[in-house]
Amino acid sequence: MVTAQNQKLLTGNAAAAWGARLAAIDYVPAFPITPQTEIIETLARWFDAGEMQGKFVTLDSEHSMVMAAGAAAAAGVRVFTATSSQGLVYAMEALYTISGWRVPLVLVNVSRALASPITLGPDHNDVLAARDAGFVQLHCESCQEVLDTVLMAYRIAEDERVSAPVLVNFDGFFLSFTREPVEIPDAEAVRAFLPRFEAKYPTFRASQPLAQGAAVLDGATYTYFRYQLHHALRNALEVHQQAADEFEAHFGRRYGPVETYRLEDADTVLVMAGAFASKGKAAVNRWREQGRNVGLLRLRMVRPLPDRELVAALVGRRAVGVIDQNLSPGLGGILFHEIAGVLAAEENRPAVLRSFVGGLGGKDISSAEFDHVLATLDGAKTGSADPELLFTDAEWRQMQQRLAVAGKSLEAATP
Amino acid sequence: MRAKREFYHSPKDLPAAEFLSPGSTLCAGCGGLATLRLMHKVLGENVVVVDAAGCMTMLTSYPYTVMQSSWLYTSMSGASAGAQGIRDALDILLTQHRLPETDNLKVLVLAGDGSTYDMGLSATSAAICRGLDFWYLCYDNEAYGNTGFQTSAASPLGAQTSTSPGGFAGRKKDIFEIWRAHQPAYLATVSAHEAVDLAEKVRRALPLAGPKLFLGLAVCPTGWGFDPANGFEIAKLAVETGVWPLKEFVHGQLRHTYIPSRFRPVVEYLQPQRRFRHLFEPQRRDDVLEQIQHNVDAYWQRVATEAATT
Amino acid sequence: MRPDHELTLMLRIRFHGRGGQGVKTASRILDTAAFASGFQVQDSPVYGAERRGAAVAAYVRIDSGPILERGVIDRPDLIVIGDETLLADGGAGVLVGQQAASAVFVNAPTAQLAAKLETAARLVTLDITERTLRLLGKASALSSGLAAAAARLIGEIPLEQLESAVKSELAELSLAEETIERNVALAREVFQALPAIEFRPATGERPAEQAKVVRLAYDPPLRSAPTILAPGNAAQRKTGDWRVERPAIDYERCTRCGLCFVACPDAAITLDEKGYPVIDYEHCKGCMICREQCPLEAIETEKETRSW
């Protein structure tokens with residue numbers, strides 16, 4: 001039962017650590033990187049104090065860390081690990097490798113923009129770079145959701161129909177270092193939802209020699225294995241649904257592959273992911289007060305892409321604006337293109353489907369920029385794949401000053 | 001000088017059991033395969049081999065495996081990290097009585113020189129420093145063999161490879177010394193033609209906890225350019241000319257387990273190999289040959305000096 | 001140089017052999033000769049497990065106009081088999097698509113294969129190995145001979161272009177002048193020993209079964225993880241086919257020292273209950289390390305007898 005007294009003020013990092021602790025994980029191979037480091041520091045303290053059983057070990061790099069994580073899962077223990085940004089892409093080879101082994105584990109990514117230039121602020125290019133790596137991918141909006149999603153992630157990963165790793169993403173700074181009220185479920189209640197781990201697949205043991213990760217020398221064989229992973233991730237839609245049903249029954253909170261916010265009669269819909277969806281909801285509330293029928297769709301599950309839920313939420317609307325906190329140089333916003341692909345065959349797809357890129361590197365998306373999004377959608381008659389960058393005049397003035405300080409004023413640049 | 005035998009006195013004393021089946025697609029006469037086979041005989045059963053990308057990756061190519069043991073292919077650089085994960089997981093399961101001791105496994109990292117000397121060094125260095133209880137066999141054929149024999153950090157001075165067509169002008173990285181600086185529980189060089197020496201070393205390492213590292217000269221008929229039948233002879237020349245020292249480091253002490261009473265000239269080892277032919281034809285490259293001989297001589301002089309002062 | 005006439009159909013040639021026999025070089029010699037003869041060409045080797053002794057293949061396409069095909073040749077006009085032991089190796093697929101072929105060439109000493117091979121194509125045999133051994137001193141350097149056979153059979157390539165191609169391709173491999181000369185002589189001898197063949201269009205006859213696209217359904221992870229649950233099953237792979245020569249133990253001289261057993265890298269020697277070494281000829285790759293290690297010279301070399 002949910003009660004207010006169970007709530008503590010936790011950062012997103014602390015919530016993630018609690019999720020791992022309640023999931024009774026066995027093994028944490030770790031490597032520090034801002035802004036996730038607090039997660040592993042918290043876990044290290046708990047292991048040290050004997051409050052968690054198993055092992056915590058620091059590896060030499062994120063690539064090694066992910067490889068150790070997958071190998072330990074292949075040997076039959078419940079594994080948790082965390083990284084961000086540079087670390088996630090450093091481990092990219094290992095992500096593909098371990099998902100191909102079809103072993104369950106949870107990897108938390110605390111989103112941070114990618115170098116170059118190097119920065120600490122959040123956006124979603126890091127986690128989206130991993131969207132083809134064969135992991136289920138879930139994005140959180142709040143610290144509560146972080147804790148809850150880590151628990152659900154184990155249920156999904158370990159289900160035989162999936163048997164694949166899960167990547168749980170939440171934004172650096174806006175969630176990682178931000179405290180919010182979080183209910184920490186009772187350990188026994190969690191045990192009922194997520195029993196102790198017992199591998200349902202053959203693991204490394206002397207009595208049953210097993211060769212894992214065999215080399216494959218022809219295309220048909222390779223195709224078989226890769227496509228089965230695709231099936232497994234598609235199965236995660238149904239498995240997530242069942243896990244969400246049970247989670248709600250146990251803990252009273254409901255999660256779907258998408259979250260709909262004030263969509264009922266909306267003619268205009270914003271699509272967002274992550275913590276800034278809260279700001280999107282605030283903008284929706286503002287516009288609703290002005291009499292506008294606007295809603296927001298938060299994309300929570302990125303892989304598998306919940307095409308049915310997206311279609312159900314977006315067809316029949318006049319205008320949809322996807323706000324991507326990521327940028328694929330040369331293309332534009334990544335989620336926009338995925339959603340456009342899902343809608344392409346739909347008869348009643350929105351006449352106006354527009355792409356906005358904002359919040360890169362942790363840049364704010366102000367109410368003025370939200371208003372600009374709505375105004376653009378209002379004024380548009382057709383869709384467009386051209387991304388509109390959300391960047392204000394004040395920010396541009398500031399950038400010009402910085403360029404000048406860096407010796408790059410326009411006068412200096414002209415020969 | 002030959003170290004006193006503790007466990008085996010002749011090749012016939014080696015354990016008879018086989019842990020690799022025939023039918024691999026590795027080259028006929030593969031020195032690396034010969035080394036792994038012998039090592040595994042002494043290592044015994046209940047092994048999981050954690051492999052890095054290299055020639056040996058072909059031991060398990062779907063749907064066939066040569067291994068009677070368990071096997072995990074990781075990546076080019078990640079084998080020692082994979083070993084960490086398996087070892088930790090087994091230890092957790094054993095501690096918590098979720099796995100019977102009879103199901104425990106020895107963890108053996110299997111990597112070529114390509115992985116060992118460069119890309120895999122980070123993960124291996126960290127594993128050694130953490131005191132990971134694991135075995136490591138580097139089959140050193142002195143190049144990136146599986147990709148067609150390109151220069152690696154293990155390539156010796158003068159060796160011709162596909163990326164050093166004029167002969168490699170650098171020097172072979174001393175991975176033995178790098179590992180030794182980590183103070184592992186056990187460290188040795190081996191050669192498959194010296195089966196008893198190899199077996200003694202594995203046997204000596206068996207009761208030790210911690211990193212047990214083996215560096216094996218893996219003669220490579222395909223890459224080095226000689227008739228596979230002569231593999232053991234070439235390996236023998238590597239040792240008899242002093243190019244490949246047979247040594248071990250255990251309990252903080254370094255010793256050589258075999259020192260030829262009289263070293264044969266290095267050219268006897270180089271000449272039969274196509275990868276060194278350019279040092280003899282069309283012109284004899286005395287400058288390089290002398291440098292190679294000098295480097296070998298200098299090593300053994302240092303060995304003699306250190307022996308004299310202890 | 002423009003050819004005397006246009007090709008009426010694209011010629012697709014598929015070479016088969018074992019690693020180390022020069023199949024890739026053969027395909028390049030043929031392609032270079034065809035190119036020099038004025039045709040459009042395309043050649044590619046099939047990369048699998050790159051190992052001396054393992055089955056390898058190479059594709060050559062020759063046409064008068066642009067070649068818009070890529071990759072596997074599953075309907076060859078000419079199949080060139082450099083190593084007849086591959087006929088017994090299902091995995092090598094040397095006869096895939098033979099219904100489309102006009103000719104199958106096999107490097108073999110006699111034509112008695114004809115009865116055993118089920119093919120509508122014309123079967124041509126010639127002992128390239130014997131000529132290679134005689135002229136080059138090495139049984140395995142088959143590239144010039146195989147290329148010459150293909151060049152002659154397809155009938156469009158003058159001897160002069162073939163010889164030129166042999167020279168230029170072998171020069172790329174940094175072979176000695178003298179060796180190249182001998183290869184040219186070998187190519188000439190093979191070329192002159194064979195006839196030209198009429199090629200009918202490969203597309204004329206469709207095979208009975210056509211490939212269909214199927215739906216690949218979900219499989220549970222026990223099957224669909226890339227794991228193997230059959231330890232040591234590689235023994236099903238008969239690598240004994242790789243051999244060109246085999247070790248034979250003289251049990252009269254053998255003193256059961258066990259050195260051959262210890263030395264065999266492939267565990268293809270076992271010791272019987274009396275301690276005598278027994279060679280597993282199904283797997284022995286013929287590296288002959290055992291022969292070299294035997295202190296009593298009690299292991300001899302025998303030329304490998306043909307499987308057919």
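Guide: The largest nonpolar core has 254 residues, and those that touch the most other members are A:Ala72, A:Val106, A:Val150, B:Val50 and B:Ile86. A core here is a set of buried Ala, Val, Leu, Ile, Met, Phe, Trp, Tyr and Cys residues joined through C-beta atoms within 7 Å. Buried means that 20 or more other C-beta atoms lie within 10 Å of the residue's own, exposed means 12 or fewer, and partly exposed is in between, with C-beta atoms placed from the backbone. The model is predicted, with local features requiring pLDDT of at least 70 and side-chain atom pairs pLDDT 80 or more, while totals for chains, interfaces and linings use all residues. Residues are numbered from 1 along each chain as its sequence is written, and chains are lettered from A and ligands numbered from 1 in the order in which they are written.

The largest contribution to this core comes from helix 7 of chain A (residues 143-158), which gives ten residues. Helices (H or I, at least four residues) and strands (E, at least two) are DSSP runs, numbered from the N terminus. On the chain B side, B:Val50 touches B:Leu72, B:Thr74, B:Ala79, B:Gly82, B:Ala83, B:Ile86, B:Val107, B:Leu108, B:Val109 and B:Leu110, leaving out residues up to four places away in sequence. Contact is counted when two C-beta atoms, placed from the backbone, lie within 7 Å. Another core, of 61 residues, lies apart from the largest one and includes C:Tyr59, C:Ala121, C:Ala149 and C:Val166.

Back in chain A, strand 8 (residues 179-183) holds A:Glu183. A:Glu183 counts as partly exposed because it has 19 C-beta neighbours inside 10 Å. A:Asp148 is 35 residues from A:Glu183 along the chain, and their C-alpha atoms are separated by 9.4 Å.

The sheet comes next. Chain A has an open sheet of five strands in the order 4-5-7-6-13, with mixed pairing. Strands count as paired if DSSP finds at least two bridges between them. Its edges are strand 4 (80-83) and strand 13 (301-303) of chain A, each of which pairs on one side only. Neighbouring strands of the sheet are turned by 20 degrees against each other on average, direction ignored; strand axes are lines fitted to C-alpha atoms, and angles run from 0 to 180 degrees between N-to-C directions. Four bridges join strand 4 of chain A to strand 5 (residues 106-111) of chain A in the parallel sense. A:Asn109, in strand 5, is the bridge partner of A:Thr83.

Chain A is assigned two domains, domain 1 (4-251) and domain 2 (258-398). Such bounds come from an automatic or database domain assignment. The C-alpha centres of the two domains of chain A lie 28 Å apart, and 26 residues of domain 1 are in contact with 21 residues of domain 2. On the domain 1 side, helix 6 (125-129), strand 6 (136-139), strand 7 (166-171) and helix 9 (219-251) of chain A each give two or more residues. Helix 9 of chain A gives the most, with five residues. By class, this side of domain 1 has 13 nonpolar, eight polar and five charged residues. In this classification Ala, Val, Leu, Ile, Met, Phe, Trp, Tyr, Cys and Pro are nonpolar, Asp, Glu, Lys and Arg are charged, and the others, Gly among them, are polar.

Chain A also meets chain C, with 21 residues of chain A in contact with 15 residues of chain C. Helix 7 (221-224) and strand 7 (227-228) of chain C each supply at least two residues to the chain C side, and helix 7 of chain C gives the most, with three. That side divides into eleven nonpolar, three polar and one charged residue. Strand 9 (residues 211-212) of chain A and strand 7 of chain C run antiparallel and are joined by two bridges, with A:Gln212 opposite C:Thr227.

Chain C itself has nine helices and eleven strands, and 47% of its 308 residues are buried. Its C-alpha trace spans about 70 × 60 × 40 Å along the principal axes. Chain C is assigned domain 1 (11-204) and domain 2 (234-303), and their C-alpha centres are separated by 33 Å. Their contact takes seven residues from domain 1 of chain C and four from domain 2 of chain C.
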